[in-house]
Structure formats: structure tokens, C-alpha cells
Amino acid sequence: LSGRVLVVDDEVEMQRALRTGLRYHDFEVRAVGTGEDAVREAAAWRPDVILLDLGLPGMDGFATLRALRPTTRAGVIVVSVMPGEKDKVRALDAGADDYVVKPFGTDELVARIRAVLRRQADVSAGEPVIRTGDLDIDLARRSVSVGGRVVKLTPTEYELLRYLALHAGKPVTHTTLLRQVWGEYAVGDKYNTRYVVAQIRKKLGDDPANPRYIVNEPGVGYRLTAPDALG
Amino acid sequence: MRRLAPYAVAIAGAVAVTAAIGLVSTRFQVPGLSAFYLLLVLWLGATWGRGPAVAGSIAAFLLYDFYFVPPVGTFTVRGPSEFFELIVLLAVALVTGQLAGSLRRTQSAAEALAADERAMYELATAALRSPEVTAALSLLSERAVRLNGVSRFALVAMDFGTTAPLAGGEVSADELRQAKWAYENRRAIGVAVSDGAVKLVRTHPEAAEPAYLPLASGVAVMKIDAGHPDPSDLRMLGALVGLADLLLDRRRAVLEAERARGFEASDRLKAAILSSLSHELKSPIASLRAGLTALTAPQAGLQPEQQELLRDLDGQASRLDRLVGDMLALSRLEAGLELEREPIRFADLVGTALHQLRPDLKDRDVTLEIDDDLPPVEVDELQVGRVLTNLIENANEWAPAGGRIAVGASASEDRLTAWVENDGPAIAPNDLDRVFETFWTRRARGSGLGLAIAKRVVEAHGGTIRAENRRRGPRFTFTLPLARVAASR
């Protein structure tokens with residue numbers, strides 16, 4: 001799995017390191033240092049994935065993300081040096097596909113890029129059944145089973161799991177889940193999602209202290225394990 | 001002299017009326033001329049009250065008896081009709097005196113009240129117009145000492161743990177201590193307020209010490225003379241105390257708002273400095289790690305020993321990153337930035353921590369003793385997550401090969417008690433407290449920050465953390481607050 005990756009980072013050393021590292025993994029790479037150049041390059045070169053650093057000088061990462069989103073279908077992975085989760089949530093809610101925190105190793109980054117590329121391929125395929133490990137989610141029949149055993153979920157539980165499944169491998173924020181599953185009025189009450197996820201885990205036989213399917217993204221939300229990540 | 005004047009007028013009046021009656025009765029034969037005395041007594045009663053009226057009526061009776069009642073020229077009273085006249089005169093004197101007296105008293109009370117109201121109105125308007133509450137309080141103190149019997153009226157502000165005289169002149173250190181005591185214990189000393197009036201309640205009225213009256217945000221220090229001042233003055237004093245209470249409260253509200261703004265601004269500044277520091281320190285490490293790990297790819301075509309060297313270097317860069325991250329986390333905690341608390345299940349926190357540490361815990365036996373029905377805790381998810389990862393990493397370092405790590409929790413009334421245990425070597429008894437000190441470490445390569453951070457996070461949540469040696473090995477126990485509302489739906 002390979003493709004075009006646009007690196008947006010104002011540090012020349014970082015640009016050089018990523019260009020080298022990603023080329024070794026068969027990606028085509030271009031790098032720019034500002035948000036304005038990123039928007040121009042995204043339109044002209046049509047990358048598959050954009051690595052967007054949030055701490056850009058001038059037009060900052062969020063403004064760049066907003067400018068990119070309507071014109072490009074590329075997956076956007078937000079890169080930030082800040083451990084603060086607010087930025088991650090803001091970026092995900094603004095349409096980013098994933099985030100990585102600096103510093104990171106090349107292998108980790110490559111795994112994230114491949115996951116985004118795979119999801120882009122999956123979305124176009126439009127699979128009716130989403131399978132991760134021995135968990136099957138049949139979207140056409142609205143049925144969920146673990147290892148062939150059918151699991152009865154309430155409508156709310158199913159909707160939440162379905163939304164995570166449609167974005168398997170991608171972190172989904174509490175806000176997005178609350179808006180998609182409950183509606184605008186529920187946004188802000190994170191204990192809703194925590195409670196329903198706990199119920200789903202119980203029914204799926206998933207240990208909350210060591211979850212296999214629904215993984216916590218601390219400070220952000222949840223992620224349904226990507227199909228390939230399970231052994 | 002002044003008090004005797006009405007009596008002199010009464011007697012002079014009786015003499016004058018007697019002369020007038022005498023003058024009239026020599027010319028005309030008019031019955032019932034003694035009724036003129038009634039007019040006199042009525043006028044005396046209405047003007048000066050009971051005493052002069054009674055004096056006038058007695059004088060009138062004696063003069064009438066002497067000059068007009070036969071035998072003229074003597075004070076002898078013969079028939080019951082003369083007694084009757086005396087009784088009528090006295091009764092009229094008493095009744096009119098009483099009536100007039102109470103009328104006058106009502107009137108003077110109304111006038112005093114009106115004066116009070118005017119004074120209060122003027123003071124309150126001045127206080128509200130004045131942007132500086134202290135100036136209004138000074139005005140108020142000045143007004144208070146103009147009252148009869150009030151020789152001192154000082155206000156002491158009590159806010160944010162400081163005690164300071166605010167208006168009405170100097171307050172000695174001893175008096176400040178007394179004021180503080182009165183404020184903290186909500187007990188007045190030497191005075192009481194009832195029905196809006198201030199009352200002296202001193203056992204030794206001659207004692208020279210001032211009285212202390214605690215208010216919402218301060219204390220009024222007063223000296224009221226023992227010769228009890230007028231009730232209207234005490235009422236006025238009560239009203240002034242009430243106004244002072246309001247003004248002190250307003251002053252405190254203004255100060256609190258200013259303080260909050262100050263804190264907010266300094267919090268924002270601290271957060272901005274820390275985030276820019278974080279950026280400056282981490283960006284070079286990010287480039288290092290990206291470059292070093294790029295070259296370990298097989299496509300780079302390096303020799304195995306070269307790849308190994310690069311991996312070692314990347315390990316060092318990661319270590320540096322951890323150290324910088326821990327220092328920044330510690331600075332953030334020391335800056336006292338707000339926690340973002342929310343209800344969350346403890347099992348979720350443990351799950352997240354174990355998931356993050358999964359690569360390091362591959363060959364470990366991790367057992368969990370966490371009940372399914374534990375109530376949620378009210379904590380900052382990320383900060384407490386850091387406590388758990390730090391404690392589990394610490395346990396992982398010390399547990400022997402193939403050893404065990406246990407994480408457990410139980411809830412009591414208002415808190416959750418959690419622990420992380422391993423079956424590694426015991427901690428020296430002297431070190432049980434020291435392990436939480438900044439930069440203290442048992443390991444040659446440890447940063448000495450992990451447990452210090454854990455302690456600070458737990459304490460920021462109002463909990464405690466301690467280390468102990470159990471039979472199986474060292475255990476770290478900490479407490480967390482439970483969510484206020486049992487969230488279940």
C-alpha cells in the first residue's frame with residue numbers, strides 16, 4: 001500500500017527526515033513549510049494523505065485544515081508537539097482523520113498513514129459487513145455477533161457501535177459520538193458515551209481494563225480497532 | 001432654671017386669670033367664671049404637659065377659694081361643690097397634660113425618624129455614587145461618631161485571610177486580634193443588634209474596651225458610652241451598621257472579581273509559556289527521532305551494527321523525550337493549572353493505561369481486582385491516566401522476570417482507594433516517603449519524576465498516596481474522589 005504524502009512542517013530537518021523515511025517505505029513525498037503552500041500543493045499535486053503540523057507560522061494548522069477540507073479528499077493526519085488533547089479533539093472535529101504526537105518513530109507514522117489509506121479504500125468498497133477480529137457488524141441486517149454468537153444491543157448501543165465501525169481504526173471524539181448517536185442536545189455530557197461503551201463492552205465480553213474492540217483514546221474519545229490490527 | 005419656667009408661668013397664669021375674674025365680677029354678675037381656669041389649665045397641659053398643668057390647677061383652686069368662695073379671704077372649703085370644682089380642675093389638668101404629652105412625644109419621634117431617614121438617605125446615596133467603597137465607609141464612620149454616646153466607630157476589613165483597618169481611624173494590634181476572633185467565631189463582643197438597633201450588653205458598663213460586631217466581610221469596632229444614649233441614636237447606629245455591612249460586602253465582591261481576573265490572566269500566561277517551552281524542547285527531539293528511525297529501514301541499506309547503533313540512539317532520544325515530558329508535566333502541576341474533572345470509570349482509566357503500556361507489559365502477568373459495579377470517580381482523565389501509567393511502569397521495572405503486577409480498587413463512602421502492587425524487592429523503610437520526592441530515584445537511569453508527578457496529581461485531586469511493603473512486595477495506594485452524583489441512566 002503506497003501513495004502520495006504531502007508533509008506540511010516548518011522545520012527543514014523534519015521535512016528532510018520524513019521525506020527520506022517515507023520514501024524508504026515506497027511513498028511519493030513532497031514537503032512544504034506553510035499552510036498557504038499546503039493548500040496550493042494539495043490542489044495541484046492531489047496527495048492521498050496530508051501530514052499537517054498544527055504549529056505552523058502564519059496561517060496555523062487549524063486554518064489550513066479548514067481551507068483544505070472542502071477541496072481535497074486526501075486523508076489528513078494532524079501532527080502536534082503538544083500533549084494537550086484539546087487540539088486533537090478540535091482537529092478531529094474539524095475533519096482530520098487521525099493524529100500523531102511528536103516525537104514519533106517512522107514505523108508508527110507509516111502504520112498510521114497505511115490505516116488512513118486502507119479506510120479510504122474501504123469506504124469506496126462499501127462493505128455491508130464490518131469485521132474486526134471475531135466481531136461482525138452486519139450493517140444491512142443491523143445485527144452484531146461475536147464469534148458467531150449474536151449479541152443483542154439496544155438501539156443506542158447499536159448506533160454507537162455502528163458509527164465506530166464505519167470509522168474503524170479512526171479515533172472518534174466524544175462530541176461526534178454524542179452528536180451522531182443522541183443529537184446536538186447531548187453534546188457535552190461525556191458520561192453518556194462512557195456509560196454506553198461500558199454496556200457494549202460488557203455485552204461483547206470485552207474487558208474494560210483490557211479492551212480488544214473498543215479502545216479508549218484518552219481525552220479524545222474511542223476507536224474501534226482496525227480489522228488488520230487484530231491477530 | 002429652664003425646667004422651672006413652665007411652673008412659674010402656670011402660677012403667674014393662675015394669678016392673672018384670678019385678677020381677670022375679679023375684675024369682671026366687680027362689674028357684672030356672671031355665673032361660672034371659674035371656667036376661665038379650665039382654659040388656662042388646658043393651655044398649660046397642651047403646651048408643657050402634665051406637671052405645669054397640675055401646678056396651675058392647684059394654684060387656680062387656691063386663688064379661687066381665697067378670693068371668690070365665701071368666706072372670702074380664707075382657704076376654708078365648706079361644701080362638696082368646692083371640692084368638686086377642685087377635682088374637675090385637677091382632672092382636666094391631668095388629662096390634657098397626658099394627651100398633649102403623648103402628642104408631643106409622637107411628633108418628636110416622627111421628626112427624629114425623618115431626620116434619621118434623611119441622614120441615611122444622604123449617606124446611602126453618597127456611598128452608591130462613590131466608586132471607592134472605602135471613601136463611603138469613612139463618611140459612614142464620621143456620621144456614626146456624630147451620634148450621641150458613640151465616641152468611636154471603626155471598620156476592619158476581613159478578606160482573603162487578612163485583617164486590616166479600613167475606616168474610622170487607627171485600630172491597635174490587640175483590637176485587630178479581638179476583631180479577628182469575633183469575625184471567625186461569628187460572636188459579637190459587648191454589643192448586640194436587635195430590631196435594627198444596637199444595644200450594649202456589657203457586664204461592666206464602665207469598661208473602657210470597645211465593642212466588636214462581626215459583619216459579613218468585616219467587623220465594626222465601636223465605643224458606646226455607658227450612659228445609654230438615646231434609643232433613636234442606637235437605632236441610627238443600627239442602620240449605619242447595616243449599611244456598613246452592605247458596603248463591606250460590595251467591597252469584597254469587587255476585590256474577588258479583580259482577583260479572579262488576575263488568576264485567569266496569570267494562568268493563561270503560564271499555560272502559554274509552558275506550551276511554547278514544550279514546543280522549543282520537543283521539536284528538536286522530534287526531528288532526531290524521525291531521522292534516526294528513517295535510517296533503520298532496510299531500504300536504507302545500512303549494516304546490522306549500524307542499524308543497532310541507530311536504534312540505541314533513538315532509544316536515547318526517546319528517553320530524553322520522556323524526561324522533557326515529565327519535567328513539563330511537573331511544571332504544569334506546579335503552575336497549579338486547572339484540572340478538567342469529569343465522571344469516569346476507574347476500570348476505563350486502567351484499561352487505557354494498560355493499552356498504552358501494552359508493548360512493555362508483553363510478558364507480564366497483570367491481574368486486576370476491580371469490581372464491575374464501582375461508582376465512577378470525578379477526575380481529570382489524562383492526569384490520573386498519568387498516575388496509573390507511572391505506577392504501572394514503576395511496578396514493571398521492579399517486578400522480577402515473570403513476576404506479577406496487580407491493580408485493584410475499592411470504594412468507600414466518598415472516595416475510591418486504588419493500589420498498584422508488584423512482587424519485586426521491598427523498599428527500604430527509610431525510603432517509603434522519599435520515593436515521592438522530585439528527582440529521587442532508586443534506579444541509575446530513572447528520571448526521579450514519575451512518582452513525584454503521581455503524588456502531585458493525586459494531591460491536586462484532594463487525595464493521598466503512600467508506599468508500603470506488603471507481604472508479596474511493594475504496594476502504592478492512592479485515593480481519588482468519587483463523582484458527586486451517582487451517574488447511572
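Is B:F476 buried or exposed? In this predicted model, B:F476 has a relative accessibility of 2% and therefore counts as buried, falling under the 20% limit that defines the class. The ring of B:F476 is paired with that of B:F436, the two centres lying 6.0 Å apart and the planes standing at 90°, so that the arrangement is edge-to-face. Distant parts of the chain are linked by this pair, since B:F436 belongs to the loop between strand 11 (415-422) and helix 11 (450-460) of chain B, whereas B:F476 lies in strand 13 (residues 474-481), 40 residues apart. B:F436 is likewise buried, at 7% relative accessibility.

Over all chains, the structure holds three aromatic pairs.

The interface of chain A and chain B was examined next. Contacts join 38 residues of chain A to 39 residues of chain B, and the two chains bury about 3,500 Å² between them, of which 57% is on carbon and sulfur atoms. Within chain A, the residues that lose the most area to chain B are A:Y24, A:P103 and A:Y191, which together account for 21% of what that side buries. Four salt bridges are counted between the chains, one of which brings together the side chains of A:R194 and B:E342 at 3.0 Å, N to O.

On the side of chain A that touches chain B, at least two residues each are supplied by helix 1 (12-24), helix 4 (85-93), helix 8 (190-204) and strand 11, and helix 8 gives the most, with eight residues. By class, this side comprises 18 nonpolar, nine polar and 11 charged residues.

A:N216, which lies in strand 11 (residues 214-217) of chain A, has contacts in both chains: apart from neighbours within four places in sequence, A:N216 touches A:R201, A:G221, A:Y222, B:D348 and B:T352. The side chain of A:N216 makes a polar contact of 2.7 Å with the side chain of A:R201, while a polar atom of the A:N216 side chain lies 3.0 Å from the backbone oxygen of B:D348. With a relative accessibility of 8%, A:N216 counts as buried.

Key: Residues numbered from 1 in each chain as written. Chains lettered and ligands numbered in written order. Predicted model: local features only at pLDDT ≥ 70, side-chain atom pairs only at ≥ 80, totals over all residues. Heavy atoms only, no water. Helix = DSSP H or I, 4+ residues; strand = E, 2+ residues; numbered from the N terminus. Buried < 20%, exposed > 50% of the residue type's maximum accessible area, 1.4 Å probe, protein only. Polar contact = N/O pair within 3.5 Å; in protein donor to acceptor, adjacent residues only side chain to side chain. Contact = heavy atoms within 4.5 Å. Buried area = accessible area lost by both parts, 1.4 Å probe. Nonpolar A, V, L, I, M, F, W, Y, C, P; charged D, E, K, R; others polar. Phe/Tyr/Trp six-rings, centres within 6.5 Å; stacked < 30°, edge-to-face > 60°.
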